[in-house]
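Please walk me through this structure.

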2 protein chains.
Amino acid sequence: MSHEAGILLGLFVIFVAAQLGAEIAQRLKLPGVVGEIAAGCVVGPSVLGWVQISEPLGVLAEIGAVLLLFSVGLETRLDDLKKVGRIATLVGVCGVALPFALGAAWAKASGFDTPNALFVAATFVATSAGITARVLQELGVLTRLESRIIMGAAVIDDILAMLLLGLVTGLQGGGGIDPVHLLLVLAQAVGFIVLIAVGGTQLMRHSSELLEAPVNPLSPLTLSLALCLGLAAAAAYLGLAAIIGAFLAGMAVAETRQRHVLERQLRPIAALLVPFFFVVTGANVRLSELASLEALTTLLVVTVLAVVSKLVGCGAGAWSLGARPALLVGVGMVPRGEVGIIIASLGKEAGVFTDTMYAVIVAMSLLTSVMAPPMLRVLLRERPS
Amino acid sequence: MSHEAGILLGLFVIFVAAQLGAEIAQRLKLPGVVGEIAAGCVVGPSVLGWVQISEPLGVLAEIGAVLLLFSVGLETRLDDLKKVGRIATLVGVCGVALPFALGAAWAKASGFDTPNALFVAATFVATSAGITARVLQELGVLTRLESRIIMGAAVIDDILAMLLLGLVTGLQGGGGIDPVHLLLVLAQAVGFIVLIAVGGTQLMRHSSELLEAPVNPLSPLTLSLALCLGLAAAAAYLGLAAIIGAFLAGMAVAETRQRHVLERQLRPIAALLVPFFFVVTGANVRLSELASLEALTTLLVVTVLAVVSKLVGCGAGAWSLGARPALLVGVGMVPRGEVGIIIASLGKEAGVFTDTMYAVIVAMSLLTSVMAPPMLRVLLRERPS
């Protein structure tokens with residue numbers, strides 16, 4: 001089979017697997033995204049081996065995640081987010097501090113030295129906004145108070161995670177930490193986010209005409225897509241997650257008159273590309289590395305720690321809302337998704353993790369991602385707003 | 001800059017360059033696609049060097065081409081194509097025979113030995129349906145008699161080009177030609193096309209319900225996209241161009257009740273992905289290899305031969321329609337596009353072409369692709385149907 005045919009066949013398999021997985025999940029009353037991740041695990045190297053992770057697939061998955069968060073941003077209003085600013089910050093900070101502390105303590109107790117233990121702890125921290133955002137979108141509750149807190153906290157979470165990663169990789173290299181450099185990184189990231197979130201939305205609010213070029217009916221769409229790709233690249237350039245840039249781009253465009261048209265036009269694009277993100281996430285897991293009692297025990301401990309620390313940390317941050325909303329916010333922040341996998345890959349490259357430890361972290365990221373959506377769904381279904 | 005940021009920045013640059021190129025072209029009364037290809041040439045390695053051709057970009061370009069031909073297929077009815085079957089076959093056959101003969105004669109006269117001369121001739125043959133299809137789509141004339149002949153002839157052309165390529169690579173390897181194998185390849189390809197074009201459309205005509213799943217409003221779209229990816233992979237597996245499979249998938253889906261909804265949903269997807277195809281096509285050209293009088297002379301001769309042979313061959317095939325429609329069909333078949341580039345790459349890998357000869361063939365493919373759209377536009381504008 002030619003290389004071209006192989007790649008196209010891979011795309012076909014991933015796309016169909018995602019549809020089947022989502023369909024099966026929905027019949028089992030689970031969110032579709034759980035089925036898509038599970039489908040990725042099945043067609044990936046661990047089980048059927050029909051799909052190998054390659055660079056083109058990674059890029060497609062990235063584009064899928066970027067477009068997903070862009071569409072979530074499109075359903076988010078800055079004013080709504082501002083109202084929850086204080087509480088979202090609290091959720092973000094507590095939700096980073098507790099998992100990092102518990103992760104470091106566990107890693108230290110398991111025999112890692114301090115720099116490596118901090119690296120392990122960093123993989124406990126980062127929340128993947130993508131998974132939760134998709135579930136909230138599927139259930140149509142993105143405008144709820146808790147949803148807005150989750151999205152706001154995810155932005156704070158990402159800034160802190162990026163700083164922590166800078167910190168632990170600095171320690172890892174043995175070069176120590178340069179506080180000036182870290183402050184600069186922080187200032188850049190916060191500056192970027194504030195500039196886009198406040199300045200960008202203000203600008204967009206007064207320039208709906210900008211999106212309406214006279215010649216081409218697709219122009220508002222293409223301009224928005226260009227903005228989305230540009231801000232995603234800018235975020236990645238500053239060391240933030242690309243999806244944070246895409247989310248901000250969506251929020252800026254949400255202030256224009258064309259938001260509803262754009263939401264409708266974005267739906268088919270997302271239907272084609274977003275499944276690649278979830279299937280590739282699932283395909284990353286290596287089950288064979290987990291086939292020992294020791295590895296499974298580690299996985300269990302790590303997963304429980306990751307879930308409990310995030311749940312308690314974020315829940316504490318949102319406690320002023322009452323127990324139930326706090327629980328909802330906590331659960332919403334549980335999925336580590338692709339962010340955990342990316343940090344684990346860095347750790348593997350740096351020689352901090354063995355293959356087994358890498359597989360454990362990836363499996364933990366996957367488990368937290370698969371676990372949270374059904375819980376979210378139950379919590380949201382039981383008490384509709 | 002991180003690898004991730006670099007890739008996203010590349011996507012951003014390509015997407016914006018395509019929009020700017022299309023806009024400028026349209027102000028110059030040229031088809032948008034010419035501007036997109038030129039933009040690719042400008043941001044590519046030859047001029048600014050902002051975009052390097054990488055495997056992920058190649059895959060995105062391929063997906064773009066596949067979706068473009070799928071959307072063209074969606075605007076094509078089998079019954080319309082059947083009516084022009086005889087004449088399209090004639091156009092396809094003459095349009096392959098004459099360029100191949102002239103190309104072989106020129107290559108032989110330029111000092112290539114017979115197997116290599118035939119390989120060079122093969123790069124003269126293949127038509128890229130994508131370029132012309134896009135222009136016809138932009139002008140809204142896909143249902144015209146000449147457009148249908150061009151699309152039908154492009155399918156025939158692709159079968160013959162595939163056979164020729166099998167022939168010349170067989171000769172190249174020195175292994176001689178196995179007529180049984182070639183016949184088998186022919187039978188497979190023709191069988192696939194007839195099966196999908198006739199069987200698939202018949203099936204679809206009676207199963208619009210199939211596309212309307214009860215749970216998900218996107219299901220007709222996702223089912224169609226799955227069919228598109230699947231048939232593109234199958235075509236590539238059989239040695240045909242993937243875009244032929246996508247075109248057939250579009251034709252099959254065109255027989256369902258949902259065709260108009262799907263056309264609308266496909267437009268934003270195409271707006272995002274199709275530009276990658278044209279920009280990457282343009283970025284493939286290496287101007288520095290052409291910076292000698294000899295190379296430029298060769299380019300001029302090769303381009304004139306390629307244009308004249310295709311124009312005369314296809315025009316002769318469509319002569320029964322009268323001079324003007326025959327000219328239109330001939331011009332529509334002129335662009336070599338990515339097909340010429342793919343064959344040239346094979347020739348370079350096989351050691352048949354020097355770097356300069358490779359650059360000449362790529363530049364010829366590009367020139368024919370940039371030349372035909374404005375001519376098509378003038379011919380179609382002057383005598384509206």
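This is a predicted model: local features need pLDDT of at least 70, side-chain atom pairs count only at pLDDT 80 or more; totals for chains, interfaces and linings use all residues.

Q: How far apart are the end C-alpha atoms of helix 11 of chain B?
A: This helix covers residues 242-253, which is 12 residues. At 1.5 Å a residue, the helix should span 16 Å. The distance in the model agrees with that, at 17 Å.

Q: How many helices and how many strands does chain A have?
A: The C-alpha trace of chain A spans about 65 × 55 × 45 Å along its principal axes. Its secondary structure comes to 16 helices and zero strands.

Q: What is the radius of gyration of chain A?
A: The globule rule gives 21 Å for 385 residues. The value for chain A is close to that, so the chain is as compact as a globular protein of that length. Its radius of gyration is 20 Å.

Q: What share of the residues in chain A is buried?
A: Take the contacts in chain A between residues at least 6 apart in sequence: 79% of these join residues at least 24 apart. Burial is counted over the 385 residues of the chain. The buried share is 58%.

Q: Which helix of chain A gives the most to the side that touches chain B?
A: The contact takes 37 residues from chain A and 37 residues from chain B. On the chain A side, helix 1 (3-27), helix 3 (55-74), helix 10 (219-237) and helix 12 (259-283) each supply at least two residues. With 11 residues, the top contributor is helix 1.

Q: On the side of chain A that touches chain B, how many residues are nonpolar, polar and charged?
A: Chain A brings 37 residues to the contact. Sorted by class, they are 27 nonpolar, six polar and four charged.

Q: What kind of axis relates the two copies?
A: Chain A can be laid on chain B by a turn of 180° and a shift of 0.0 Å along the axis. The RMSD is then 0.0 Å. The copies are thus related as by a two-fold rotation axis.

Q: Which residue of chain A has the C-alpha nearest the axis?
A: The same surface serves both copies, as 100% of the contact residues of chain A recur in chain B. In chain A, the C-alpha nearest the axis lies 2.0 Å from it. That C-alpha belongs to Pro56(A).

How values were computed
Residues are numbered from 1 along each chain as its sequence is written. Chains are lettered from A and ligands numbered from 1 in the order in which they are written. Two residues are in contact if their C-beta atoms, placed from the backbone, lie within 7 Å. Helices (H or I, at least four residues) and strands (E, at least two) are DSSP runs, numbered from the N terminus. Ala, Val, Leu, Ile, Met, Phe, Trp, Tyr, Cys and Pro count as nonpolar, Asp, Glu, Lys and Arg as charged, and the others, Gly among them, as polar. The expected span of a helix is 1.5 Å times one less than its number of residues. Copies are superposed by least squares on the C-alpha atoms of residues with pLDDT of at least 70 in both. The radius of gyration is taken over C-alpha atoms; the globule rule is 2.2 Å times the number of residues to the power 0.38. A residue is buried if 20 or more other C-beta atoms lie within 10 Å of its own, exposed if 12 or fewer, and partly exposed in between; C-beta atoms are placed from the backbone.
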